[in-house]
Amino acid sequence: MSPAKNHKGWLIAAIPIALYLTALFVPLISPFARYPIYFIKCGGRPVVATDFAAAYTYRAPGSDDYGVDVLVTDFFCTEAEAQSAGFSRSDLPAR
């Protein structure tokens, strides 16, 4: 295999990795990029939390309003972790 083809293969593999790593730090898409990491870390769907408008609320898997959106700021594996971090369960009606 020629050296030029070998470098092209690495470049093709490096581009999606670089894009994903960049997405982890872009504010409006960061929650969507971080969700799979926490899904693996927690062994299932994580608790999603937001501190938008100083509300400090979370939504647990299984609730009607569960989902990831651009306002999500934190992920937790359990509701107890979210509560110990100062978040309370969201009492907003389902969307």
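Guide: In this predicted model, buried residues account for 29% of the 95 residues in the protein chain. The accessible surface of the chain comes to about 6,500 Å², and 67% of that surface belongs to carbon and sulfur atoms.

Visitor: Which residues form a nonpolar patch on the surface?

Guide: The patch is formed by V26, L28, I29, F32, F52, V70 and L71. Together they have about 620 Å² of accessible area.

Visitor: Where is V70 found, and between which strands?

Guide: V70 lies in the loop between β2 (57–59) and β3 (74–76).

Visitor: In what order do the elements run from the N terminus?

Guide: The protein chain has 3 helices and 4 strands, and their order is α-α-β-β-β-α-β.

Visitor: What is the order of the strands in the sheet?

Guide: The order in the sheet is β3-β1-β2-β4; the sheet is open, and its pairing is mixed. β3 and β4 (88–89) stand at the edges with a single partner strand each, so one side of each has no neighbour in the sheet.

Visitor: How many bridges join β2 to β4?

Guide: There are 2 bridges between these strands, which run parallel. Y58, for instance, has R89 in β4 as its bridge partner.

Visitor: What share of the contacts joins residues at least 24 apart?

Guide: Among contacts between residues at least 6 apart in sequence, the share is 53%.

Definitions and conventions
Residues are numbered from 1 along each chain as its sequence is written. This is a predicted model: local features need pLDDT of at least 70, side-chain atom pairs count only at pLDDT 80 or more; totals for chains, interfaces and linings use all residues. Side-chain values use heavy atoms; hydrogens and water are left out. Patches are made of residues with over 30% relative accessible area and no salt bridge: like charges are joined within 9 Å, nonpolar side chains (Val, Leu, Ile, Met, Phe, Trp, Tyr) within 5 Å. Accessible areas come from the Shrake-Rupley method with a 1.4 Å probe; for residues, only the protein chains shown count as cover. A salt bridge is a side-chain nitrogen of Lys or Arg within 4 Å of a carboxyl oxygen of Asp or Glu. Two strands pair if DSSP finds at least two bridges between them. Buried means under 20% relative accessible area, exposed over 50%, partly exposed in between (1.4 Å probe, protein chains only). Contact means heavy atoms within 4.5 Å.
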